[in-house]
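Please consult the sequence and structure shown here alongside the text.

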Amino acid sequence: MSYEEIILDHWRHPRNKGRLPHPDAAAVEANPLCGDVVRIELGIKDQTIQDIRFEGEGCAISLASASVLTELVQGKPVAEAAGITDEALLSALGGVVRTRLSCALLPLRALHKALGQHRSPDDGGPPPGEPPSAGRCTSSG
Amino acid sequence: MEIKIRDDFPLLQRTVHGVPLVYLDSAATSLKPEAVIEAEATFYREVGANVRRGAYELGAEATERYESARAKVASLLGARPDEAVFTRGTTEALNLAAWALGETVIGPGDEVLVTEMEHHANLLPWQELVRRKQARLSAVAVTAEGELDLEDFRRKLSPRTKVVALPHVSNVLGTINPVPEVATAAHEAGAVVVLDAAQSVPHMPVDVRELGADLVAFSGHKMLGPTGIGVLWGRREILKDLPPLLVGGEMVHEVWLDRATWDDPPARFEGGTPPIAQAVGLGAAVDYLQAIGMDEVRRHGQELTALVLDGLLFRPYVTVYGPADPGARGALVAFSLAGIHPHDVATLLDREGIAIRGGHHCAQPLHRKLGIPASCRVSFHVYNTIDEVRLFLEALDGVWKALG
């Protein structure tokens with residue numbers, strides 16, 4: 001009885017866990033319904049993600065997904081990272097049961113949010129604050 | 001007896017992920033026996049007409065079956081049929097109660113007293129009500145043992161308290177609350193008592209007169225009946241003065257262009273075409289439960305609860321929430337595994353065909369009080385067996401081995 005090896009491995013041995021001293025972009029996403037919280041921090045130079053860290057609390061799937069995502073993103077051009085799809089992340093995780101997709105995709109939402117906040121100076125600065133996305137989870141009443 | 005009962009539930013024939021289903025989430029919704037499914041289908045096949053339009057035979061038959069279902073529900077509660085209002089479920093019943101009491105007994109500065117162990121369905125209607133009426137909401141504390149703090153209740157009860165709302169059985173802690181004691185004190189203070197009985201009526205004998213509450217809400221789908229049907233039982237003297245939540249067809253006496261007069265209860269509270277086939281299905285569920293006997297339903301639930309409680313308390317990696325005495329509980333147990341998120345527990349058990357609940361069970365304030373984002377919960381009904389409890393406990397050891 002176990003999760004896919006990738007999920008267990010990244011849950012037990014998270015990569016790029018922690019904080020950056022001076023992040024160029026950062027965002028937090030949460031699923032209020034199940035208590036999963038993930039924070040993603042980015043160090044960006046020359047439109048490339050030089051550094052990435054995550055911190056989080058929650059289930060094995062959301063934390064493993066954050067760890068896997070940091071490896072997918074590290075060293076990638078910003079535009080490429082912004083183009084990472086749900087399917088790409090799920091496939092890097094070795095597949096996730098359909099009842100837990102919102103857990104698995106929470107870190108990706110945090111990454112997209114962080115990238116959305118990051119703009120090069122000639123873009124005119126960060127966009128106006130956007131409301132936190134409505135976290136949905138598999139369990140309610 | 002178990003084997004015969006299991007044959008009545010078609011869903012128990014199916015497999016999940018290639019293994020037999022072990023359904024341990026009846027507190028969320030119960031499975032339905034063939035008799036209930038058949039009663040609902042038969043209504044559509046043989047009658048089909050709307051109720052309270054008796055000018056033709058089918059209409060009269062539909063009304064007869066609908067009202068006969070109401071009589072069955074009332075007899076289960078030791079009540080009069082005209083005290084049982086059909087709603088879509090517990091949530092609608094409690095919204096109706098809060099709305100109607102808000103229009104009659106709650107004014108600025110008055111208080112509604114709830115508990116920290118409320119399901120959101122018995123919390124949010126009161127939150128909205130006190131906001132509308134400039135009234136106040138306060139909550140009775142839950143003790144470390146998972147019981148209502150009755151001293152805190154007496155402290156918070158005052159002449160300003162107009163409503164006391166509480167669950168009969170907590171859907172997380174499993175605690176059976178001392179409703180008669182609470183109701184007596186509340187009545188002395190002049191408050192109306194509203195009871196969320198969603199986790200009690202399906203599992204144990206409930207006599208509304210003995211309980212002493214004034215309004216009692218529960219759902220059909222947790223007691224082997226269909227979804228879309230529930231009940232608000234109300235003491236006759238209380239119901240007669242309450243206004244309807246839904247106005248429109250079928251709930252009026254006389255209507256003019258600028259005004260209308262309401263019908264008597266229960267019709268007054270059943271505006272629009274009601275869930276007729278679902279009510280008939282609920283009637284069949286009551287028949288089914290009463291054929292087993294509510295004492296036996298309770299005994300069976302307690303036996304399984306005692307067994308699972310023993311198994312969980314014995315495992316050092318498990319924390320159990322609520323009373324350790326199975327006699328003080330309904331047929332459910334919430335717990336958590338050290339350092340493991342309940343959703344991971346539920347997902348891994350699902351791979352073994354075992355359906356349990358992981359989440360906050362619509363009781364976020366209670367989970368906040370317990371200091372956890374979520375919990376696991378197993379719950380039972382008449383079709384569950386001792387073998388299923390053993391399978392679950394063994395599988396839980398497997399989860400702990402994999403993730404612990």
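## Terms and model

A helix axis is a line fitted to C-alpha atoms over the stretch in contact, and the angle between two axes runs from 0 to 180 degrees between N-to-C directions. The model discussed here is predicted.

## Packing of H2 and H5 in chain A

Two packed helices are described by the angle between their axes and the distance between the axes. In chain A, helix H2 (residues 60-73) and helix H5 (residues 101-117) have axes that come within 7 Å and cross at roughly 45 degrees. H2(A) is therefore oblique to H5(A). The crossing of H2(A) past H5(A) is right-handed.

On the H2(A) side, the contact is formed by Ile61(A), Ser62(A), Ser65(A), Ala66(A), Leu69(A) and Val73(A). Their counterparts in H5(A) are Cys103(A), Ala104(A), Pro107(A), Leu108(A) and Leu111(A). The residues of this contact between H2(A) and H5(A) comprise 9 nonpolar, 2 polar and no charged.

## Ser65 in helix H2

Ser65(A) lies in helix H2 of chain A. Its relative accessibility is 0%, so Ser65(A) counts as buried, the cut-off being under 20%. Apart from neighbours within four places in sequence, Ser65(A) is in contact with Leu89(A), Leu93(A), Ala104(A) and Pro107(A).

## Contact between chains A and B

Chain A contributes 24 residues to the contact and chain B contributes 23 residues. About 1,800 Å² of area is buried between chain B and chain A, with carbon and sulfur atoms giving 53% of that area. Within chain B, His343(B), Asp344(B) and Arg351(B) supply 28% of the area that this chain buries against chain A, more than any other three residues.

Methods:
Residues are numbered from 1 along each chain as its sequence is written. Chains are lettered from A and ligands numbered from 1 in the order in which they are written. This is a predicted model: local features need pLDDT of at least 70, side-chain atom pairs count only at pLDDT 80 or more; totals for chains, interfaces and linings use all residues. Side-chain values use heavy atoms; hydrogens and water are left out. Helices (H or I, at least four residues) and strands (E, at least two) are DSSP runs, numbered from the N terminus. Angles under 35 degrees count as roughly parallel, over 145 as roughly antiparallel, 65 to 115 as roughly perpendicular and the rest as oblique. A crossing is left-handed if the near helix is turned anticlockwise from the far one by less than a right angle, and right-handed if clockwise. Contact means heavy atoms within 4.5 Å. Ala, Val, Leu, Ile, Met, Phe, Trp, Tyr, Cys and Pro count as nonpolar, Asp, Glu, Lys and Arg as charged, and the others, Gly among them, as polar. Buried means under 20% relative accessible area, exposed over 50%, partly exposed in between (1.4 Å probe, protein chains only). Buried area is the accessible area (1.4 Å probe) that two parts lose on being put together, summed over both.
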